[in-house]
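Biologist: Before we discuss this chain, please set each value against the definition behind it.

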Amino acid sequence: MRDRASRAGKRRPYRSAALALMPMYAFTLAFVFGPLVYMLALSVMHRGGGASGSWGVTPGFTPRAYLRIFEPVYLSIFAHSLRLALLSTALVTVIGYPFGYFMARLDKKWRGRVMFLLIVPFWTSSLMRLYGWIIILRAGGVIETALGRMGMLSESLRLLYTYPAVVAGMVYVLVPFMIYAVFSSAEKLDRAHVEAARDLGASAPRAFLTISFRLTMPGVLSGVILTFIPSMGLYFIADILGGNKVVLVGSLIQEQLMKAHDWPFAAALSVALTVLTSALLYAYRRLTKSDKLEGIV
């Protein structure tokens, strides 16, 4: 009897925990896995019959939408989006890592002030902030006016609606995520390890590369995930600062939904983008294991 009572007592906490987790499981099934399954089902259906601009799908299995992805024009868009995401992520890392690292070394008062300044832009819509970049980059804007007054400009600059303008917008929107990711790792860094390396004769750059950089690598990888994945689909930045001259996968999906009304192809593009980002997340999980991190530096 005592054994049964003890086993029953042990089961109660597990049952309570399972009941407490049920809302989270239900939410995940309804709003995460449900839309993914629906998107996958749409991607293998036929486009809606009737006129070329008709909405919806018709039942039936066909891989046509996935085969279209391998057409040269769509592969080039994927490659272009990937290059832009890699370039933006590299620039965000170069700018955000030293910012987050040295912010973690500030005293509490100045650290709070700097974090406040980083948070303030998020109080404004990202669209409004991007329209501010139009004022800066346009012909006769802030940059062109400043360079002209300094005598460094002989002709009009064409910064707006260019590839560099889109990259600048991507970096501006995403760099705070890298800063906070690096900051969270650098804040936990034990400075005693760095001091021990210096006492043993290591130079400041060598101590940073072998100790500080290695121990903050999980933060860097988290920042890469937080910046690379959104940069593949932030089509509104390309639309606003690129003037429809820079087409990303997100722009293509929007066009297929709102203009072409080709739901299966839009769903197939979304599935392909999900698979690509999932592969990156898997690589991130592999790299963040301790045995993998040892060989990075």
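Modeller: Buried means under 20% relative accessible area, exposed over 50%, and partly exposed in between, with a 1.4 Å probe and protein chains only. This is a predicted model, where local features need pLDDT of at least 70, side-chain atom pairs count only at pLDDT 80 or more, and totals for chains, interfaces and linings use all residues. Residues are numbered from 1 along each chain as its sequence is written, and side-chain values use heavy atoms, leaving out hydrogens and water.

Biologist: Why does Arg-105 count as partly exposed?

Modeller: Arg-105 has 49% relative accessibility, so the residue counts as partly exposed. Arg-105 sits in the loop between α3 (72–104) and α4 (108–119); helices are DSSP runs of H or I with at least four residues, strands are runs of E with at least two, and both are numbered from the N terminus.

Biologist: Why are α5 and α11 called roughly parallel?

Modeller: Helix α5 (residues 126–137) and helix α11 (residues 235–242) pack at an angle of about 30°, their axes 10 Å apart. Angles run from 0 to 180 degrees between N-to-C directions, and axes are lines fitted to C-alpha atoms, for helices over the stretch in contact. Angles under 35 degrees count as roughly parallel, over 145 as roughly antiparallel, 65 to 115 as roughly perpendicular and the rest as oblique. The two helices, α5 and α11, are therefore roughly parallel.

Biologist: Which residues of α5 and α11 make the contact?

Modeller: Contact means heavy atoms within 4.5 Å. From α5 come Ser-126, Leu-127, Leu-130, Tyr-131, Trp-133 and Ile-134, and from α11 Phe-236, Ile-237, Ile-240 and Leu-241.

Biologist: What share of the chain is buried?

Modeller: Of the 297 residues, 33% are buried.
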